[in-house]
Amino acid sequence: MRARMALQASGQKVELREVLLKDKPGSMLDIDSTATVPLLQFANGDVIDESWQIMLWALRQNDPDSWPGENEKLVTDVEMLLEMNDYSFKSDLDHYKYADRYPEFPVEHYRIQGEEFLQDLEEILSESQYLLGKNISAADIAIFPFIRQFANVDKPWFDQSPYPNLQAWLECLVGSSLFEAVMLRLPVWQEGDQPCIYPVSH
Ligand SMILES: N[C@@H](CCC(=O)N[C@@H](CS)C(=O)NCC(=O)O)C(=O)O
């Protein structure tokens with residue numbers, strides 16, 4: 001999702017192959033043993049298998065909205081938030097989402113663990129409209145899909161939770177045209193298909 005949004009924002013075109021995680025194509029397994037999505041392969045065979053690195057690559061080609069632009073300080077700031085999101089919150093989110101697979105604790109236990117990150121974000125967003133200031137940046141784009149998943153586990157709970165700034169931030173990003181554009185469902189890729197160029201030109 002975050003990689004697609006960066007491609008969409010930068011207008012950087014790639015051939016997009018939608019895959020089913022439970023039925024990954026052999027050609028995908030051949031190029032990268034981690035076999036996670038997203039995966040970007042270049043014509044020379046180089047591969048990027050981290051979504052944040054794909055975002056950076058796209059934005060370094062073209063960054064009309066100055067998400068990190070050429071600003072290395074901003075890149076470091078995004079990376080600090082992403083580290084919390086990707087290495088700690090993501091695991092809390094998985095436990096909360098699939099609490100029935102982790103019956104050692106009730107679902108509320110996993111929610112409380114995830115809330116630590118929600119509290120950090122709420123604090124930031126009580127002082128600025130977006131995570132790195134008054135303008136949207138790659139940090140917002142990279143993190144909000146995970147907060148959206150967390151919120152959707154129990155939306156009535158999230159809507160009454162003590163995080164009003166986070167709620168408003170999420171609503172704004174989920175309602176954005178950028179998010180709407182990447183939610184477009186594409187058919188699963190099959191060998192021999194016509195290339196699907198993404199982002200789609202209008
Ligand atoms: N570090 C990777 C993690 C990506 C990741 O975990 N992707 C999940 C789907 S959202 C995946 O491909 N899982 C492999 C599987 O379920 O087989 C990134 O952010 O690019």
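Analyst: We'll go through the pocket, then the helix contacts, then the backbone. Keep in mind that this is a predicted model.

User: Which residues lie nearest the centre of the largest pocket?

Analyst: Met1, Arg4, Val37, Pro38 and Leu39 do, out of 48 residues that line the pocket. Two or more lining residues come from each of these elements: α1 (2-10), β1 (14-15), α2 (26-31), β2 (40-41), α3 (51-61), α4 (72-97) and α6 (138-153). The largest share belongs to α4, with six residues.

User: On to helices. At what angle do α3 and α4 cross?

Analyst: Their axes cross at roughly 160° and come within 12 Å. Angles over 145 degrees count as roughly antiparallel, so α3 and α4 are roughly antiparallel to each other. The crossing of this pair is right-handed.

User: Which residues of α3 and α4 meet?

Analyst: On the α3 side, look at Trp52, Leu56 and Arg60; they meet Glu72, Val75, Val78, Glu79 and Leu82 of α4. This contact has five nonpolar residues, no polar ones and three charged.

User: How does α3 pack with α6?

Analyst: The angle there is about 150°, and the axes are 12 Å apart. That crossing of α3 and α6 is right-handed. Trp52, Met55 and Leu59 of α3 make the contact with Ala138, Ile141 and Ala142 of α6. By class, the contact of α3 with α6 has six nonpolar, no polar and no charged residues. If you click on Trp52, you'll find it in the contact with α4 and in the contact with α6.

User: What about α4 and α6: are they parallel or antiparallel?

Analyst: They pack at an angle of about 15°, with axes 10 Å apart. Angles under 35 degrees count as roughly parallel, and therefore α4 and α6 are roughly parallel to each other. The crossing is left-handed.

User: Which residues should I highlight for α4 and α6?

Analyst: In α4, pick Val78, Leu81, Leu82, Asn85, Phe89, Lys90, Leu93, Tyr96 and Lys97. They meet Ala138, Ala139, Ala142, Ile143, Phe146, Ile147, Gln149, Phe150 and Val153 of α6. The contact of α4 with α6 divides into 14 nonpolar, two polar and two charged residues.

User: Last topic, the backbone. Where are the cis peptide bonds?

Analyst: The bond from Val37 to Pro38 is cis, with omega near 0°, and Pro38 sits in the loop between α2 and β2. The bond from Tyr198 to Pro199 is cis too, with omega near -5°; Pro199 is in the segment after β4 (197-198). Val37 and Pro38 also turned up among the residues nearest the centre of the largest pocket.

User: What is the phi of Ala35?

Analyst: Ala35 has a positive phi of about 50°, although it is not a glycine.

Conventions
Residues are numbered from 1 along each chain as its sequence is written. This is a predicted model: local features need pLDDT of at least 70, side-chain atom pairs count only at pLDDT 80 or more; totals for chains, interfaces and linings use all residues. Side-chain values use heavy atoms; hydrogens and water are left out. On a 1 Å grid over the protein atoms alone, a cavity is a set of points where a 1.4 Å probe fits but cannot get out, and a pocket is an open set with protein on both sides within 12 Å along at least five of seven lines; lining residues have an atom within 4 Å of a point. Helices (H or I, at least four residues) and strands (E, at least two) are DSSP runs, numbered from the N terminus. Axes are lines fitted to C-alpha atoms, for helices over the stretch in contact, and angles run from 0 to 180 degrees between N-to-C directions. Angles under 35 degrees count as roughly parallel, over 145 as roughly antiparallel, 65 to 115 as roughly perpendicular and the rest as oblique. A crossing is left-handed if the near helix is turned anticlockwise from the far one by less than a right angle, and right-handed if clockwise. Contact means heavy atoms within 4.5 Å. Ala, Val, Leu, Ile, Met, Phe, Trp, Tyr, Cys and Pro count as nonpolar, Asp, Glu, Lys and Arg as charged, and the others, Gly among them, as polar.
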